[in-house]
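Please keep the picture in view while I talk.

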Amino acid sequence: MTIDAALDLIGHCVTIVDGMEDICLGKALGRVLADPVSSRSMSPPFDNAAMDGFAFSSAALRGDGPWVLDVAARIQAGQSSAMPLADLQAAQIFTGAKVPEGADVVMMQEEVKRMGKTIRVATRPTPGLNIRRAGSEMEAGVTVLETGRRLDARAIAACAAAGAGSITVRRRLRVALLVTGNEIRTAGTLRAEAQIWDVNTPMLTGVLTQPQIDIVAVEQGIDSRDGLFLQIAELAANADLVVTTGGISVGEEDHIKPALSALGGDIHFSGVAIKPGKPVSFGRIRRAWWLGLPGNPLSAFVTWQLFGTAIVARLTGETERVTRRHVVTGAAISRKPGRCELRPATGVGFDGQGREVVTFDAETHSGHVRGLPSADGLIFLPADCDFMPEGALVEFQPFCRN
């Protein structure tokens, strides 16, 4: 199965989880909107000064200047309405303060001459100068954010400007992580000659640590069919998504898929034509979805970026997607054709035609993660291509934010 066919299948099968909750805006970062957000009043709610200066009526400046105006008021931001200004009167006003009735301009304080209780205006201002009009940003009742938006700081700013102190979001997604392999040990602990440190557990716990996700379990798998049967059954009973690593190939010690079959699970795809990550699998275990990632760390990370993030987005109803874009290669590539290769790559600037240039390692090793911290995303090398010259155009997908 190709990458796009696998993603299409996920999009067809996976639907939004039931459940939503109302939360205060201060706790909304990273959550996904379940209802649209509409403005509760116009913004700004009144005409206000865009800068410090003096407010007055431009129509009062009759004849040729300069003109002298009496300073009749001093208005600070948050102050209640001042008295309406009479003809040839001005009010000293500060940024954000409500413009008094009778004024249609705010002239910067640097552009007038203060003389005791009067100001001298030398040039005739244009009506509306330095005034933020009521409703100029948004009218009351307009939709500010649509359902499915994942809330970042920019979206939260728009909610606050709309007066939405609380919002309705999708409930947090319950995710269980099961990492298999008798040979793995916690990083930094003692290990025997044939053992390795566990990369997948902290790496995948890291990608799953997101505001819209509730990690309900992180376990090391029992490398036996019966043991995994019981573990997976318990995890699936309490999760919306079960993520496993390793144990999904066809060897005698690969027990994940037999355990799933024994549980009556459905496997929607098993194997995708990619490098690294070919064994990646997807299915359903009773009421929970299942994503089987390969055991090699780079393979696990790459396939999570492709398929795990897509599943989470579908389950939470997030409508925005990480999109691919075109970049050019900073070096020539020679490779074995047959599968689409995904290679971590780093943006290094732009060429003379304004195209983004990326660099990458000469080879991809499914177990090597040392280069991941400097990588920005993945380049897609076509399956049928064995050579690409420097400057070749390729697809690039940035890593998803946590």
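Which residues do ring pairs link into a cluster? They are Phe269, Phe282, Trp289 and Phe307. Before I go on, please note that this is a predicted model, in which local features need pLDDT of at least 70, side-chain atom pairs count only at pLDDT 80 or more, and totals for chains, interfaces and linings use all residues. Residues are numbered from 1 along each chain as its sequence is written, and side-chain values use heavy atoms, with hydrogens and water left out.

The structure holds four aromatic pairs, where rings of Phe, Tyr and Trp (its six-membered ring) pair if their centres lie within 6.5 Å, and planes under 30 degrees apart count as stacked, over 60 as edge-to-face and the rest as tilted. One of them joins phenylalanine 269 to phenylalanine 282, and this pair is tilted, with 5.6 Å from centre to centre and 40° between the planes. Phenylalanine 269 is buried at 3% relative accessibility, and phenylalanine 282 is buried at 0%, where buried means under 20% relative accessible area, exposed over 50% and partly exposed in between (1.4 Å probe, protein chains only).

Turning to charges, the charged end of arginine 284 sits over the ring of tryptophan 289, 4.3 Å from its centre, while arginine 191 lies over the face of tryptophan 197, 3.8 Å from the ring centre; the rule is NZ of Lys or CZ of Arg within 6 Å of the ring centre and within 35 degrees of the ring normal.

Finally, there are zero disulfides (pairs of cysteine sulfur atoms within 2.5 Å).
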